[in-house]
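Take a look at the protein below. Follow the chain from one end to the other, then read on.

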Amino acid sequence: MGDERKLCWTDLERKQVQEGAHPLEVVFLNPDDPITDPTNVLGQFGRDMYQVLMASAVVVDARERRGLGIGVEMAAAAALGTPVIVVAPRNSKYRRDHLVYRGARVEGYVHPHVASLAVAVVDDFTEAGEVLRGLPIAPRDALVAPAWLRESIDEYRSKVLAGDRPMLDALHRLGVHR
């Protein structure tokens, strides 16, 4: 199966994040941008992890069921010190007002992985932007990447980044010099 069922952000969702974050300018690092060498799987993973490293926050669209990739990105964000904001509307897959779970009735349930890794769980993208606006700006340092991420990030930086125009443009907008 290809990516045709993948839940991708639309311009509307990006606009809502930007509106919520105003007057802060939001630079989106898009994991859905085409990659220059799809055969370099380590570099491909490294691109995702490099984006998590360089981001001031990761906003997760959890309106619908997500897969392994986003879970790894959330765990990597926690390991790298990048805040995670999860858009999970009430009574959706990862957030329920009432749930019978492991033999107990739970009020205000948030999936344990989401609750453990997110700095905020919000209803919509505008609210995600509002949380983003309130986060402190922290300097990013590639040297702090744990060993399980460092190899893939180094692969991406040394073999893929130079030809990754969308990422280079985003880094320029962020004022990051490679």
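Seven helices and five strands make up the secondary structure of the protein. Helices (H or I, at least four residues) and strands (E, at least two) are DSSP runs, numbered from the N terminus. Along the sequence, the pattern reads α-α-β-α-β-β-β-α-β-α-α-α. This is a predicted model: local features need pLDDT of at least 70, side-chain atom pairs count only at pLDDT 80 or more, and totals for chains, interfaces and linings use all residues. Residues are numbered from 1 along each chain as its sequence is written, and side-chain values use heavy atoms, with hydrogens and water left out.

Now consider the overall form. A compact globule of 178 residues would have a radius of gyration near 16 Å, and the protein agrees with 17 Å. That radius is taken over C-alpha atoms, and the globule rule is 2.2 Å times the number of residues to the power 0.38. Of the 178 residues, 37% count as buried. Buried means under 20% relative accessible area, exposed over 50%, and partly exposed in between (1.4 Å probe, protein chains only).

Where does E73 sit? It is found in helix α3, residues 68-80. E73 counts as buried because its relative accessible area is 15%. Leaving out residues up to four places away in sequence, E73 touches D48, M49 and V52. Contact here means heavy atoms within 4.5 Å.

N40 lies in the loop between α1 (11-21) and α2 (41-54). N40 is also buried, at 12% relative accessibility. Beyond its neighbours within four places in sequence, N40 is in contact with E155, K159 and V160.

Next come the charged pairs. A salt bridge is a side-chain nitrogen of Lys or Arg within 4 Å of a carboxyl oxygen of Asp or Glu. By this rule there are 12 salt bridges. One of them joins E19 and K15, with the closest N and O atoms 3.7 Å apart. These two are four residues apart in helix α1, so about one helical turn separates them.

Another joins D164 and R47, with the closest N and O atoms 2.5 Å apart. This pair links distant parts of the chain: D164 is in the loop between α6 (147-159) and α7 (165-174), R47 is in helix α2, and they are 117 residues apart. Both D164 and R47 are buried.

R95 also forms a salt bridge with D123, at 2.8 Å between the closest N and O atoms. R95 is in strand β3 (residues 95-101) and D123 in the loop between β5 (120-122) and α5 (125-134), so the pair ties together parts 28 residues apart in sequence.
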